[in-house]
Amino acid sequence: MSPGRESSGGRIAIEGLTKTYGGEADDERVVAVDDLDLEIEPGEFVTVLGPSGCGKSTLLDCVAGHVEPTEGRVTVDGDPVTGPDPSRGVVFQENRLFPWKTVRENVAFGPSVRGRSTDRVPELLERMGLSSFADSYPSDLSGGMAQRAELARLLANEPSIMLMDEPFSALDAMTKQRMQVELLSAWRETDATALFVTHDVEEAILLADRVVVMTARPGTVKTVVDVPLERPRGHDARTTEAFTDLKRRLLASIHDEAGSEFAAEAGARPATLADGGDDGDGDDAADSSGGGGSP
Amino acid sequence: MTGDRIGPATSLLGLGTVWWLVGATVAPGLPTPPVVAGAAATVATDPSFLASAATSAVRVYVPFLLAVALAVPVGLLAGWHDPFADLTLPALELLRPIPPIAWIPAVILLIPGTEPGIMFITFLGAFFPILLNALEGGRSVDREYAKAARSLGTDSASTFRHVAVPGALPSITTGLSVGMGLAWLNLVAAEMLAGGSGLGYLTWSAYTGGSYPHIVVGMLSIAALGAASTAAVGRLDRWLVPWANRSA
């Protein structure tokens with residue numbers, strides 16, 4: 001869209017992605033992501049919605065190239081991801097601005113370390129409302145400003161893919177809502193494909209063309225929901241009927257997921273509550289009858 | 001403004017009082033502050049004293065800079081990169097517990113000439129604290145910064161330069177400060193045992209010559225040069241690590 005951009009959005013293909021952590025033995029292993037397939041079109045904004053520990057950060061790490069898949073693969077425009085690359089920019093949950101560099105140096109870091117022009121840096125600082133903090137160190141920034149600086153640092157590199165791992169989850173509610181709209185308008189000025197991980201349903205809807213709902217443990221895709229809201233989206237999008245409708249559907253889908261997990265945990269210890277309630281002084285008895293009842 | 005000075009002035013006045021009282025009661029041989037001040041005034045213009053101070057300074061600074069040049073890169077690389085740590089640290093860990101002063105007999109036998117021997121001892125005093133702090137500095141840098149840098153386009157060399165080096169600097173400058181202190185400490189020990197010149201030797205020969213005021217003048221001049229060196233390292237720290245040195 002904007003002139004002089006070196007690349008348009010990348011097509012991300014995730015094929016049979018599995019990532020396990022832990023020991024050699026089966027019972028020591030944790031399956032973070034299990035046989036996950038997902039295709040993201042160039043220029044699309046996809047949010048991945050799921051409870052904490054569902055492997056959505058692992059998924060993002062695999063696309064970023066910071067984590068190697070145990071099985072399966074990630075390709076961008078057909079090329080397998082083998083490591084981190086400046087064409088796939090990342091914004092982390094807690095800001096990863098270099099504390100030893102000023103805001104300006106942080107934002108200029110990508111282009112300068114790659115030997116590219118840093119001419120756009122002042123404009124980006126201005127765009128993100130950081131001009132008066134250009135010579136400050138990150139420790140002087142508020143949480144919202146720090147995440148804006150991270151976003152500016154990513155945009156300075158003109159990536160074809162923007163990867164974001166709950167970048168606003170540590171912000172207060174109002175700052176968070178403002179940042180979401182700012183992110184949308186910044187993203188619209190690029191052609192980048194965006195993959196954004198969150199556990200916030202409203203955030204997932206507001207930002208996305210498609211919301212991918214993940215199941216917890218092992219992490220895989222439960223359902224994919226299209227978001228037919230018109231762009232550009234501002235704060236008023238949150239109160240439209242289509243928005244609340246989507247929110248209801250997604251909440252049902254998630255709580256169904258969380259509920260089944262809870263049911264599974266409760267099912268592992270049947271009747272303990274009833275036994276304990278009946279028998280005030282009989283902890284031993286309750287335990288033994290509970291133990292006898294266990295599968 | 002005057003309030004800021006009351007504390008320090010009281011502290012120094014207290015030291016002087018204790019010094020005087022100790023001299024007046026339990027240690028009658030201890031020269032009083034005015035006597036020491038008088039001795040210091042004559043010594044300060046004595047060319048042989050100034051030459052001794054210069055000799056001592058050279059014996060500290062040359063080995064100190066050598067220790068920095070060796071210990072900082074080795075420690076930082078070992079702290080950042082595990083295979084390099086496996087390659088270097090076991091041998092260094094074996095040598096580290098030997099106090100530099102315990103090397104003196106071996107040094108006298110093995111290293112010809114007084115100067116290289118003394119410099120070797122001060123080198124050892126500075127080397128290990130600088131090494132350990134550089135090592136700890138490299139280890140303590142959050143690897144998430146390296147991930148961020150890689151995603152912004154660094155290779156392993158530029159990640160080291162832009163993440164490991166600045167991230168470890170606060171710890172490295174702590175090592176410089178400790179190393180400087182230990183270089184002076186070991187210098188004085190080495191000069192007293194094998195010196196022939198320098199402030200440590202001067203203090204020792206004041207003892208053998210029975211001149212109490214000059215013993216104290218020697219002690220105080222060693223303290224002054226040590227403190228000035230530490231202050232210089234502190235200035236270096238504020239210059240190198242501006243981002244971690246600002247009061248809120």
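**Getting to know chain A**

The model is predicted, and in it the end C-alpha atoms of residues 12-241 of chain A lie 31 Å apart, over a span that is 28% helix and 28% strand.

User: In what order do the 4 strands of the open sheet in chain A come?

Analyst: Start from the edges: strand S2 (29-40) and strand S5 (79-80) of chain A each pair on one side only. Next to S2(A), strand S1 (residues 12-22) of chain A is joined to S2(A) by 8 bridges. One example is Thr20(A), whose bridge partner in S2(A) is Val31(A). The pairing is antiparallel, and the order is S2-S1-S4-S5.

User: At about what angle does helix H1 of chain A run to S1(A)?

Analyst: Helix H1 covers residues 56-64 of chain A and lies across S1, S2 and strand S4 (71-76). Relative to S1(A), helix H1 of chain A runs at about 120°.

User: How many residues does domain 2 of chain A give to the contact with domain 1 of chain A?

Analyst: The domain assignment gives domain 1 (12-98 + 160-237) and domain 2 (240-295) in chain A. Domain 1 of chain A supplies 16 residues to their contact, and domain 2 of chain A supplies 13 residues.

User: How many residues on the side of chain A that touches chain B are nonpolar?

Analyst: The contact takes 18 residues from chain A and 14 residues from chain B. On the chain A side, 3 are charged, 4 are polar and the nonpolar ones number 11.

Note on methods. Residues are numbered from 1 along each chain as its sequence is written. Chains are lettered from A and ligands numbered from 1 in the order in which they are written. This is a predicted model: local features need pLDDT of at least 70, side-chain atom pairs count only at pLDDT 80 or more; totals for chains, interfaces and linings use all residues. Helices (H or I, at least four residues) and strands (E, at least two) are DSSP runs, numbered from the N terminus. Two residues are in contact if their C-beta atoms, placed from the backbone, lie within 7 Å. Ala, Val, Leu, Ile, Met, Phe, Trp, Tyr, Cys and Pro count as nonpolar, Asp, Glu, Lys and Arg as charged, and the others, Gly among them, as polar. Domain bounds come from an automatic or database domain assignment. Two strands pair if DSSP finds at least two bridges between them. Axes are lines fitted to C-alpha atoms, for helices over the stretch in contact, and angles run from 0 to 180 degrees between N-to-C directions.
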